[in-house]
Amino acid sequence: MTETIEALRGPALLAATLATGLQAGTYYVWACGVMPGLARSDDRTFVAALQHMNVAIVNPVFLASFLGTPVLAAAAAVTCGSTARPWALAGLVLAIGTVVVTGAANIPLNEALEAAGNVDKIKDLAAVRADFEDSWVRWNAVRVVTSTASLACLAWATVKS
């Protein structure tokens, strides 16, 4: 059994680090490019674009990396040696934190934006946008921090392993 765990150590750490990097990169791009770009648009464009993106991102590739990241971080923590394990566990906790923030904050905001209905039938686009934008950007910034910190911890676990 010990040989199997040791054989899985490198692949588990690599997979966890790569998946976490993809997630951190996703939230970083939203924080640095997508949302600042959309902030410069009119209310109709903003709401319509985000409604479309929120539907498009729910796809098998994104969901596999989103849900797989904490699973892979757990596998990395299990297979790590004692020197690297605390870092892998920290990476796991932060990866779970990212999922929790998404589920508790960003997804409900996305759902409220979708529930506002067809952009051509929304009476007060400015209010819909105002209810969404600042909160979503703030919670996304939290995800940038948690996912990037998770990436750093898993990378350091790889170095220590």
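The model is predicted, with local features needing pLDDT of at least 70 and side-chain atom pairs counting only at pLDDT 80 or more, while totals for chains, interfaces and linings use all residues. Residues are numbered from 1 along each chain as its sequence is written, and side-chain values use heavy atoms, with hydrogens and water left out.

**Helix packing**

Helices here are DSSP runs (H or I, at least four residues), numbered from the N terminus. Their axes are lines fitted to C-alpha atoms over the stretch in contact, and angles run from 0 to 180 degrees between N-to-C directions.

| Helix pair | Angle | Axis distance |
|---|---|---|
| α2 (residues 43–56) and α5 (residues 125–160) | about 55 degrees | 9 Å apart |
| α2 and α4 (residues 85–115) | roughly 120 degrees | within 10 Å |

Angles under 35 degrees count as roughly parallel, over 145 as roughly antiparallel, 65 to 115 as roughly perpendicular and the rest as oblique; α2 and α5 are therefore oblique to each other, and α2 and α4 are therefore oblique as well.

Where contact means heavy atoms within 4.5 Å, D43, R44, F46, V47 and L50 of α2 meet L125, A126, V128, R129, F132 and E133 of α5. The residues of this contact of α2 with α5 comprise seven nonpolar, no polar and four charged. On the α4 side, V47, L50, Q51, N54 and V55 of α2 meet N110, L113 and E114, and the residues of that contact divide into four nonpolar, three polar and one charged.

**Aromatic pairs**

Rings of Phe, Tyr and Trp (its six-membered ring) pair if their centres lie within 6.5 Å, with planes under 30 degrees apart counting as stacked, over 60 as edge-to-face and the rest as tilted. The structure holds four aromatic pairs. One of them is the tilted pair of W30 and W136, at 5.3 Å centre to centre and 55 degrees between the planes; W30 lies in helix α1 (residues 2–39) and W136 in helix α5, 106 residues apart. Both W30 and W136 are buried, a term for under 20% relative accessible area (1.4 Å probe, protein chains only).

F46 and F132 form an edge-to-face pair, 6.2 Å centre to centre with 70 degrees between the planes, and this pair joins helix α2 to helix α5 across 86 residues. F46 counts as buried because its relative accessibility is 0%, and F132 because its value is 2%. Ring pairs link W30, F46, F132 and W136 into a cluster.

Terms used:
Helix = DSSP H or I, 4+ residues; strand = E, 2+ residues; numbered from the N terminus. Nonpolar A, V, L, I, M, F, W, Y, C, P; charged D, E, K, R; others polar. Buried < 20%, exposed > 50% of the residue type's maximum accessible area, 1.4 Å probe, protein only.
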